[in-house]
Amino acid sequence: MTSLQKQVWAYLALLLLIPAWFLAHQNTTFIESPVTVAKELPHFLSDPATWTNIGITLARVVLGLLLGVVAGFVAAFAMTRSRLLGDVLSYYVTAALRTPSAIAAILALAIFKGSEAGYVLVVAFITFPYMAVGLRDGLASADRELDEMAQVYHLGLIAQIRHIWAPYVAPYIFAALRNAHALAWKVIVVAEIFGAAKTGFGAQFEHAWGYMLMTEVHLWLLVFMAIVLFAEYGLIRTAEKYVFRWR
């Protein structure tokens with residue numbers, strides 16, 4: 001299937017949501033008409049408060065994801081270079097993987113009393129084990145003979161990363177990053193709702209839902225889906241294609 005055909009099928013899949021939305025509106029109470037939502041969309045997007053709240057949530061996600069990626073890199077490198085560290089850290093990584101997002105959000109917000117650090121750290125805590133496991137598997141798959149060759153020829157750390165480790169771990173990095181990115185958006189909304197945040201996507205969604213402003217609820221959901229899909233297909237997958245353009 002060509003790239004154009006894939007895009008056509010993707011757009012058709014999105015268009016199928018419109019009749020499904022109409023059908024849901026006619027048969028339920030809480031689903032707003034897509035026509036009504038479409039009419040309110042320009043005013044919603046022209047409101048500076050909308051972009052302020054999106055920016056606040058986006059900053060929390062980006063900072064938390066960056067911390068999670070760095071912590072995942074460090075944990076994966078330590079687990080593959082030391083058996084003792086591997087045994088010890090694997091318990092922490094497994095525990096973090098098995099912790100429900102809602103529980104992590106409540107604990108982080110209780111510990112940090114709803115501060116910005118709590119929102120960032122809960123995203124980092126939820127995403128770091130996925131990066132650690134993915135990178136650990138990538139490093140473990142690296143050719144040990146090439147690793148030994150690098151030591152024999154005294155290659156520097158940067159040269160080893162660029163010519164030996166990066167080709168092996170790059171596919172694992174992008175696979176882990178896609179999972180971590182999706183989880184980051186899910187957990188930040190939960191954290192903002194449980195943490196009674198005053199600003200951010202989750203706070204605005206909870207406010208709209210609490211006052212049964214269903215059109216606003218739908219608008220925030222549309223914006224949320226648009227941002228997540230843009231980050232997935234517009235940024236991460238584009239970067240992945242650029243990195244693997246030589247294939």
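Trainee: Contact means heavy atoms within 4.5 Å. With that in hand, how much of the contact total with a separation of 6 or more comes from residues 24 or more positions apart?

Mentor: In this chain, such pairs account for 72% of the contacts with a separation of 6 or more.

Trainee: What kind of model is this?

Mentor: This is a predicted model, where local features need pLDDT of at least 70 and side-chain atom pairs pLDDT 80 or more, while totals for chains, interfaces and linings use all residues. Residues count from 1 along each chain as its sequence is written, and side-chain values use heavy atoms, leaving out hydrogens and water.

Trainee: Got it. How many helices and strands does the chain have?

Mentor: The chain has 11 helices and 0 strands (DSSP runs numbered from the N terminus: helices are H or I with at least four residues, strands E with at least two). Read along the sequence, the pattern is α-α-α-α-α-α-α-α-α-α-α.

Trainee: And what does the C-alpha trace span?

Mentor: About 70 × 50 × 30 Å along the principal axes of the chain.

Trainee: How much of the chain is buried?

Mentor: 34% of the 247 residues count as buried. Buried is under 20% relative accessible area, exposed over 50%, partly exposed in between, with a 1.4 Å probe and protein chains only.

Trainee: Switching topic. Which residues does UniProt annotate as "transmembrane region"?

Mentor: The unreviewed UniProt entry gives residues 50–77, 89–111, 117–135, 183–205 and 217–236. Positions follow the numbering used here, feature names are shortened, and annotations may be inferred rather than shown by experiment.

Trainee: What does the model show for residues 50–77?

Mentor: That span is 100% helix and 0% strand. Its end C-alpha atoms lie 40 Å apart.

Trainee: Let's zoom in. Where does Gln 204 lie?

Mentor: In helix α10.

Trainee: Buried or exposed?

Mentor: Gln 204 counts as buried because its relative accessible area is 16%.

Trainee: Which residues does Gln 204 touch?

Mentor: Leaving aside residues up to four places away in sequence, Gln 204 touches Asn 53, Lys 198, Thr 199, Glu 216 and Trp 220.

Trainee: How accessible is Leu 213?

Mentor: Leu 213 has a relative accessible area of 35%, so this residue is partly exposed. Not counting residues up to four places away in sequence, Leu 213 touches His 207 and Ala 208.

Trainee: How far is Leu 213 from Glu 32?

Mentor: The two are 181 residues apart along the chain. Their C-alpha atoms are separated by 9.7 Å.

Trainee: Last one. Where does Lys 6 sit?

Mentor: Lys 6 lies in helix α1, residues 3–15. At 52% relative accessibility, Lys 6 is counted as exposed.

Trainee: And how far is Lys 6 from Pro 129?

Mentor: C-alpha to C-alpha, Lys 6 and Pro 129 are 32 Å apart in space. In sequence, 123 residues separate Lys 6 and Pro 129.
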